Amino acid sequence: MHVIVIGAGVVGVTSAWYLTRDGHEVTVIEAREGVALETSFGNAGGICPGFAGPWAAPGMPLKALGWLFRENAPLKIRPRLDAAQWAWLARFTRNCTSERYAANKTQMQRVAHFSKACLVDLRAETGIRYDDGTGGILQIFCTDEEAAGGARAAHILQDLGVPHRLLTPAEALAVEPSLARSTVSLSGALHLPADETGDCHLFCRDLARLAEAHGCRFLFDSPVSAVLREGDRVAGVMAGATRIEADAVVLATGPWANRLLRPLGLSLPIYPVKGYALTCEITDTEAAPRSSVMDEHSKVMVTRLGKRLRAAGVAELAGFDPSMRPAVLNGLRDRVAALFPDAADFATAEFWHGFRPMTPEGASRVERTRLPNLFLNLGHGSNGWTQACGTGRMLADLVAGRETCLS
Ligand SMILES: Cc1cc2nc3c(=O)[nH]c(=O)nc-3n(C[C@H](O)[C@H](O)[C@H](O)COP(=O)(O)OP(=O)(O)OC[C@H]3O[C@@H](n4cnc5c(N)ncnc54)[C@H](O)[C@@H]3O)c2cc1C
């Protein structure tokens, strides 16, 4: 069967890999000049099933209101005359109940742990390397309130059987000795030793090469303008002036999904939530984290990727606004410099932004549409690197008519 995958971010590339391994003829069509040049390019590098969970949580609406007028807030809503933004926020708020939170978290945890197992298998099968690390993730708390939140999270992790340990500040320093130089005072930490790290862009680049070696075809610089419908099925796509026919089409277009869905009479509640990152060369290896530190206070994650340090965070709801606000960039750089003062020359940091494809529920959408040969692998939000191998595998299972991890 000829399957077209639209989009070569981490979700499109993993989908293409598993479809190719199932014996399909696969064509990946990507608007940019290479793989993973949008949201999958500069993320925080955390493969963290332990943290997988929705942002829509009890108490979040009040917190978000409190952050409305704080320029450097971790979550910033910039209200616009945009019906999609208001509809998304209303649905997000409806998901902030304890019941919805528990249901969404359980689903996200199932997919994320399944995905980690798929990634481990993929690594064993292919030997793929991507500045990867298996040193776990340390979530640090600066206030007693944050530490209490960590203790509540530990209860949930206990129920889910996820390996974890609540640590005193001294124990946290034993896990990440470089924090001894930090100017930020710690009140405790939560260690998730089974979580992993790695450069998502490098992973996608090499997985695409491996897929090509198995016969998968990549077309770059080829924005798809339409998915072609014939009766109650799709027949292929238009990429520029070229019509490309297929037996099945997969949408893996991240935050841009609705541009192709709406003309088909379909849509998903996916909103682009902008995040920022910085990357710099590590100049003193002892002063940099061994693995990854999630600073609960600022919601900034700092990860070692080979010889580089990556820090990422911030969530802005402002549509596809591409501007990078200097106050946010400075705030990000100042926080990393406070956590790991001697690790790098932060003046030379390279900045980046990306748009998380967020559903209000938090969970991704891997599904067959009512056009039976059109499939979706979308809405991975803040967890796409963590979930991509799992949802790629699930997508291939759906196309093949097999049961998925959520069946
Ligand atoms: C600051 C930040 C930090 C993050 N940190 C983490 C983390 O630590 N761990 C984690 O698990 N996740 C993290 N994420 C989330 C993760 O990066 C995303 O969930 C993931 O990259 C989404 O992948 P995707 O393939 O769905 O989207 P994308 O990577 O955006 O790929 C979609 C692709 O589709 C292409 N496309 C769109 N429309 C068309 C069209 N019409 N024709 C052809 N091509 C098209 C685009 O060009 C793009 O290449 C972070 C995100 C951000 C922004």
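How many residues does the hairpin that joins S19 to S20 run through? Five.

First, the ground rules. This is a predicted model, so I follow its conventions: local features need pLDDT of at least 70, side-chain atom pairs count only at pLDDT 80 or more, and totals for chains, interfaces and linings use all residues. Residues are numbered from 1 along each chain as its sequence is written.

Overall form. The protein has ten helices and 20 strands; these are DSSP runs numbered from the N terminus, H or I with at least four residues for helices, E with at least two for strands. Along the principal axes, the C-alpha atoms fill a box of roughly 65 × 45 × 40 Å.

Burial next. A residue is buried if 20 or more other C-beta atoms lie within 10 Å of its own, exposed if 12 or fewer, and partly exposed in between, with C-beta atoms placed from the backbone. On that count, 51% of the 407 residues are buried. Contacts use C-beta atoms placed from the backbone too, with a cut-off of within 7 Å. Of the contacts with a separation of 6 or more, 77% are between residues 24 or more positions apart.

Now the core. Nonpolar side chains tend to be buried together in soluble globular proteins. Here the largest nonpolar core has 116 residues, and Ile6, Val13, Val249, Val250 and Ala311 touch the most other members. A core in this sense is a set of buried Ala, Val, Leu, Ile, Met, Phe, Trp, Tyr and Cys residues joined through C-beta atoms within 7 Å.

Take Val250. Leaving out residues up to four places away in sequence, its contacts include Val3, Ile4, Val5 and Ile6, together with Phe375, Asn377 and Leu395. Strand S1, residues 2-6, has four of its five residues buried. S1 runs parallel to strand S2, residues 25-29, and five bridges join the two. Pairing requires that DSSP finds at least two bridges between the strands.

Leu395 is in helix H10. Leu395 counts as buried because it has 28 C-beta neighbours inside 10 Å. Beyond four places in sequence, Leu395 touches Ser15, Tyr18, Val250, Val366, Phe375 and Asn377.

Strands S19, residues 365-368, and S20, residues 374-378, pair in the antiparallel sense over four bridges. Arg368 has Phe375 in S20 as its bridge partner.

Two other leucines. Leu207, in helix H7, residues 200-213, is buried, with 25 other C-beta atoms within 10 Å. Among the contacts of Leu207 are Val13 and Trp17. Leu207 is 77 residues along the chain from Tyr130, yet their C-alpha atoms are separated by 9.8 Å. Leu62, in helix H2, residues 60-67, is exposed, with 10 other C-beta atoms within 10 Å. Leu62 and Gly23 are 39 residues apart in sequence and 50 Å apart in space, C-alpha to C-alpha.

The ligand. Which residues come nearest to the ligand? Of the 42 around it, they are Gly7, Gly9, Gly254, Gly275 and Gly384. The elements giving two or more residues to this shell are helix H1 (10-21), strand S14 (271-281), strand S18 (350-358) and helix H10 (384-400). A residue belongs to the shell if its C-beta atom, placed from the backbone, lies within 6 Å of the molecule. By type, the shell has 20 nonpolar, 18 polar and four charged residues. The classes are Ala, Val, Leu, Ile, Met, Phe, Trp, Tyr, Cys and Pro as nonpolar, Asp, Glu, Lys and Arg as charged, and the others, Gly among them, as polar.

Last, backbone angles. Most residues other than glycine have a negative phi. Asp131 has a positive phi, near 50 degrees, and sits in the loop between helix H4 (98-126) and strand S5 (137-141). Asp131 is partly exposed, with 19 other C-beta atoms within 10 Å. Lys299 has a phi near 60 degrees, also positive, in the loop between strand S15 (292-295) and strand S16 (300-305). Lys299 counts as partly exposed, with 17 C-beta neighbours inside 10 Å.

Definitions and conventions. Contact = placed C-beta atoms within 7 Å.
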